[in-house]
Structure formats: structure tokens, C-alpha cells
Amino acid sequence: MSRQHIPLKDITIGTKGWTAKVIVEAKGMPRSSQRSPVKYQRMILRDSEGTKVQATIFESDIDKFSDVLTLYKTYYISNAVVKTILPQHRIAKNDYQWHINSKTVVEEVTEEYSSISVPPYNFVSFSEFSKYINSDAYVDIIGVVIHAYPPREIPTVNGPQRIQELLLVDQELIPKILTMWDQFIENECAAIVKNIKTKPIIAAYRIRIVSFNANNILVTGKNIYPAFQSKVLVYGM
């Protein structure tokens with residue numbers, strides 16, 4: 001049955017005994033920090049008013065919630081740890097973040113009482129990339145992977161980094177390069193390469209577009225959804 005809950009905008013560090021009703025709008029794969037071995041998993045939750053909050057699960061708690069907090073399902077959540085978050089670490093427009101741990105209560109909302117819609121995505125066609133080159137704008141794209149190049153290492157200002165490039169085409173058959181970095185190679189790219197013969201369709205969410213070799217557009221992958229089947233989605237953050 002429906003439970004009492006409050007909007008995300010009303011939940012701060014000092015809020016006591018709160019319960020929120022949210023949909024899992026995005027969910028990352030478990031990762032390890034580049035600076036420490038701590039394992040974490042991030043997600044974005046959204047309520048019916050459109051307010052979003054970034055939530056993170058750490059270490060052994062990741063396994064506890066592996067079969068819950070499913071993408072696009074709605075939940076009542078209470079007793080998460082609310083903390084402030086620095087602007088440079090935000091992936092949602094909210095001054096606060098949640099840490100979900102073993103004491104957090106998560107209850108799936110039945111379809112009858114679920115009133116939060118699945119988020120819409122505004123896909124940008126490849127022919128429109130010139131509007132976003134070298135800007136701070138994030139865009140969503142969708143395309144067919146027709147080739148995967150081998151991983152390689154490139155020099156950067158932060159030292160050598162591994163990348164893997166994917167050749168995509170959109171519905172207008174315009175080719176573009178999608179570059180995956182670091183842990184995306186081991187997770188999302190591995191899944192795409194495994195299915196490359198099927199010419200998988202992938203959606204990429206919150207990516208940036210930069211110029212490359214004066215002739216091509218390099219799409220830098222942030223959050224990638226390989227969509228080999230309608231229900232098989234993998235989210236990276």
C-alpha cells in the first residue's frame with residue numbers, strides 16, 4: 001500500500017525519520033577508485049517532482065543491494081546517510097548525496113502505487129554534433145557499433161591512460177568515434193566487444209563532444225548503455 005513520504009528537496013542532513021519515494025534513473029557498475037582500493041557503486045534517484053539525488057553504496061553493501069534498486073523501478077527508501085557533496089563531484093543537481101548502507105531500508109513500490117515515470121532521453125543526431133564541440137554541454141546519443149578498435153594507451157596531462165575506441169553510425173549512417181576510458185574498457189566495452197558480431201545498438205548518456213584530428217568528432221564516453229536486448233542495459237558513471 002501507499003506510504004507517507006516527503007520530496008527529495010526537503011531531505012537535508014538535519015531531516016529526521018524521513019522516507020522518500022524514488023525511481024532509479026541511472027545505476028553505475030561497481031568500480032574501484034583510482035586513488036584507493038575502495039569499491040563503490042553510484043546511482044541517480046529521482047522523485048515525482050523531478051528532483052534528483054546521487055546515491056552511493058560501498059564495499060560489502062554492494063552485494064546486499066545487488067538484486068534490488070533495479071534500473072527504472074520505484075522504491076521507498078529511508079535511513080540513508082545524507083551528506084553534502086562538493087560541486088566538482090556532483091552528477092545530479094543537488095547539494096546533498098546519500099550513502100546507502102546495511103541500515104538503509106529499501107522497499108519496492110508495487111506497480112499500482114508507482115507514479116514516477118521512466119526518464120526521457122533527448123538523443124542528439126550525429127549531424128548535430130558541431131553545435132556541441134568543445135563545450136561543457138552533455139548530450140545523449142544512440143547508435144550502432146560497427147567496429148571496436150583494440151585498447152591502447154595514450155599520454156595525458158595526468159599520465160598515461162588506457163582508451164578503447166568504438167566506431168558508431170546513427171540512423172543517417174554518419175560514422176563517429178566513441179572513446180571509452182579506463183574502467184569502461186573492462187566493463188561496458190568488454191560487453192560490447194563480446195556482442196560485436198550482432199552490431200549492437202548502444203545509448204550513451206551524459207557525454208561530451210570534442211574535436212579530433214580536425215576531421216573527425218571524438219565522443220568521450222561517460223555513461224554508456226549497451227542495449228543488446230530491450231531489457232539488457234548496463235550503466236556506467
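Author: What follows goes from the chain as a whole to its ring pairs, its salt bridges and its surface.

Author: This is a predicted model, in which local features need pLDDT of at least 70 and side-chain atom pairs count only at pLDDT 80 or more, while totals for chains, interfaces and linings use all residues. Residues are numbered from 1 along each chain as its sequence is written, and side-chain values use heavy atoms, with hydrogens and water left out.

Reader: Which helices and strands are in the protein chain, and how many residues count as buried?

Author: Helices (H or I, at least four residues) and strands (E, at least two) are DSSP runs numbered from the N terminus, and the protein chain has two helices and 15 strands. Buried means under 20% relative accessible area, exposed means over 50%, and partly exposed lies in between, with a 1.4 Å probe and protein chains only; of the 237 residues, 42% count as buried. If a contact is taken as heavy atoms within 4.5 Å, then among contacts between residues at least 6 apart in sequence, 59% join residues at least 24 apart.

Reader: How many aromatic pairs does the count come to?

Author: A pair of aromatic rings is described by the distance of the centres and the angle of the planes. Rings of Phe, Tyr and Trp (its six-membered ring) pair if their centres lie within 6.5 Å, and planes under 30 degrees apart count as stacked, over 60 as edge-to-face and the rest as tilted. By this rule there are two aromatic pairs. Trp18 and Trp98 form a tilted pair, at 4.8 Å centre to centre and 35 degrees between the planes. This pair links distant parts of the chain, 80 residues apart, with Trp18 in the segment before strand 1 (19–27) and Trp98 in strand 7 (residues 96–100). Trp18 counts as buried at 7% relative accessibility, and Trp98 is buried as well, at 2%. The rings of Phe126 and Phe129 are also tilted, because their centres are 5.0 Å apart and their planes stand at 40 degrees; Phe126 is buried at 2% and Phe129 at 1%.

Reader: How many salt bridges does a search of the whole structure find?

Author: Side chains of opposite charge can pair when their charged atoms come close. A salt bridge is a side-chain nitrogen of Lys or Arg within 4 Å of a carboxyl oxygen of Asp or Glu, and the search finds eight. One of them joins Glu25 to Arg46, with the closest N and O atoms 2.5 Å apart. Glu25 lies in strand 1 and Arg46 in strand 3 (residues 39–46), so this pair ties together parts that are 21 residues apart in sequence. Glu25 and Arg46 are both buried.

Reader: Where do Arg152 and Glu165 lie?

Author: The side chains of Arg152 and Glu165 meet in a salt bridge of 3.3 Å, N to O. Arg152 lies in strand 10 (residues 152–154) and Glu165 in strand 11, so the pair ties together parts 13 residues apart in sequence. Arg152 is partly exposed at 39% relative accessible area, whereas Glu165 counts as buried at 11%. Salt bridges that share partners join Glu25, Arg46 and Lys52 into one network.

Reader: Where does Gln171 lie, and is Gln171 buried or exposed?

Author: Gln171 lies in the loop between strand 11 (161–169) and strand 12 (175–181), and at 78% relative accessibility Gln171 counts as exposed. Gln171 and Gly143 are 28 residues apart in sequence and 7.3 Å apart in space, C-alpha to C-alpha.
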